[in-house]
Amino acid sequence: MQQSNIRIARIAAHINPPNLQMVEEDLGLERVNCRAKGASSGFKVAILGAAGGIGQPLAMLMKMNPLVSLLHLYDVVNAHGVTADISHMDTSAVVRGFLGQQQLEDALIGMDLVIIPAGVPRKPGMTRDDLFNINAGIVKTLCEAIVKCCPKAIVNIISNPVNSTVPIAAEVFKKAGVFDPKRVLGVTMLDVVRANTFVAEIMGLDPREVDVPVVGGHAGVTILPLLSQVKPSCSFTQKEIDYLTDRIQNGGTEVVECHSIAMVLCSSIMFESAFGCILQAKAGAGSATLSMAYAAVKFADACLRALRGDAAVVHCAYVASEVTELPFFASKVRLGRNGVEEIYPLGPLNEYERAGLEKAKKELAGSIQKGVSFVKK
Ligand SMILES: NC(=O)c1ccc[n+]([C@@H]2O[C@H](COP(=O)([O-])OP(=O)(O)OC[C@H]3O[C@@H](n4cnc5c(N)ncnc54)[C@H](O)[C@@H]3O)[C@@H](O)[C@H]2O)c1
Ligand SMILES: O=C(O)C[C@H](O)C(=O)O
């Protein structure tokens, strides 16, 4: 093969990734010879729903992650456009695009980590559970392909309603006889990110130094911040606890629409600056995407560091759990080479948190059952 042809193949492949295979075949090139030299060691990561509001910034941030050697971007629309765009970034991960159901399995073969933000987002007036009818089927189909192509991958589920989509994923894996509860994780990191930010705001701290455990699930009252366990240790008034709990539980709604309680608080001097952005909430244009991409990458990076063998990687996640009587629950987990290595107990709760836990469990039980029944039916 002439050197000039190899160079042309490289350029064509970068300009139009769908042509990559064709160009390689025409020129008799091995795919591996036809791409920029990526990180020789590193992890293979697939994003399913990569062309969406979360998917695009998530793909960009994962392309910047030095632990990633191969990044597969799958969507039912615009996957190649996003791939072409992101592939120009001069970071080491090699990026490939996969479009439509017929390319789903190719996108998944050999992956170490699969991140799923595929599905519809909320509009004002909707609950996350209102997304069930569409997103349940999407997550089920994607997990059926994971079962076939990379059953040992760590799976990070972002698609809502997370309280039900994680049980759906687990049922799909169980049905195929490959369920490993250590490897299926619902991403609740955005609740922690928000909680850290909101606590830092009112305590005058740097959010990077704040750690708020948020347990339960990922919808309304199932999002349970444990403010008695905040690090560094903080003392809150009851008014602050009410405000923080409400704002953390309704952070998603604050982005989707103007949350009514937030609007009331907006008029108070204490919270005015924190709510300066409320009037410009997305109002029909979707839900959190940028903060979610940030949170998803923070969590995915933790999973990859743990896969690499780093010690003491601890984060909250919604997983198969025995921490309560429910089969799934979000709490602090230690991540390791096999996914979830250890699930920590909730620790001492105060009366306010115990009452919140009871409410959370009641709602979670229904959402879990709904997910399980969807696959079993
Ligand atoms: N876990 C969380 O904390 C959290 C936070 C924010 C949003 N979400 C959820 O994430 C999901 C995505 O939100 P978004 O704002 O990115 O939505 P979006 O509509 O902007 O993007 C979704 C993407 O999924 C793709 N898609 C649809 N069906 C698919 C399929 N069968 N296979 C592959 N891709 C498919 C769409 O083409 C689109 O590109 C929503 O369900 C939303 O509620 C979760
Ligand atoms: O609120 C939503 O619908 C999206 C997401 O779950 C969030 O918490 O921002």
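For the residue classes used here, Ala, Val, Leu, Ile, Met, Phe, Trp, Tyr, Cys and Pro count as nonpolar, Asp, Glu, Lys and Arg as charged, and the others, Gly among them, as polar.

**View 1. The shell around ligand 2 in this predicted model**. By those classes, the shell divides into five nonpolar, five polar and two charged residues. Take a tour of the residues around ligand 2: P121, R122, R128, N160, L190, H218, G251, G252, V255, V256, S287 and A288. Which helix gives the most to this shell? Helix α10 (residues 251-256) does, with four residues.

**View 2. Helices α8 and α9 packed together**. Here helix α8 (residues 189-203) meets helix α9 (residues 238-249) at an angle of about 150 degrees, and their axes are 9 Å apart. Angles over 145 degrees count as roughly antiparallel, so that is how α8 and α9 run relative to each other. The crossing of α8 past α9 is right-handed.

**View 3. Residues where α8 meets α9**. On the α8 side, look for D191, R194, A195, F198, V199 and I202; their partners in α9 are E240, L244, R247 and I248. The residues of this contact comprise six nonpolar, no polar and four charged.

**View 4. Confidence along the protein**. The mean pLDDT of the protein is 89, with 83% of its residues at 70 or more. Over residues 11-19, pLDDT stays under 50, and the model has 16 contacts beyond four places in sequence for them. Residues 261-280 also stay under 50, with 18 such contacts. For the complex, the predictor gives an ipTM of 0.99 and a pTM of 0.90.

How values were computed: Residues numbered from 1 in each chain as written. Chains lettered and ligands numbered in written order. Predicted model: local features only at pLDDT ≥ 70, side-chain atom pairs only at ≥ 80, totals over all residues. Axes fitted to C-alpha atoms, helices over the stretch in contact; angles between N-to-C directions. Helix = DSSP H or I, 4+ residues; strand = E, 2+ residues; numbered from the N terminus. Parallel < 35°, antiparallel > 145°, perpendicular 65-115°, else oblique. Left-handed = near helix turned anticlockwise from the far one by under 90°. Contact = placed C-beta atoms within 7 Å. Near = placed C-beta within 6 Å. pLDDT = per-residue confidence, 0-100.
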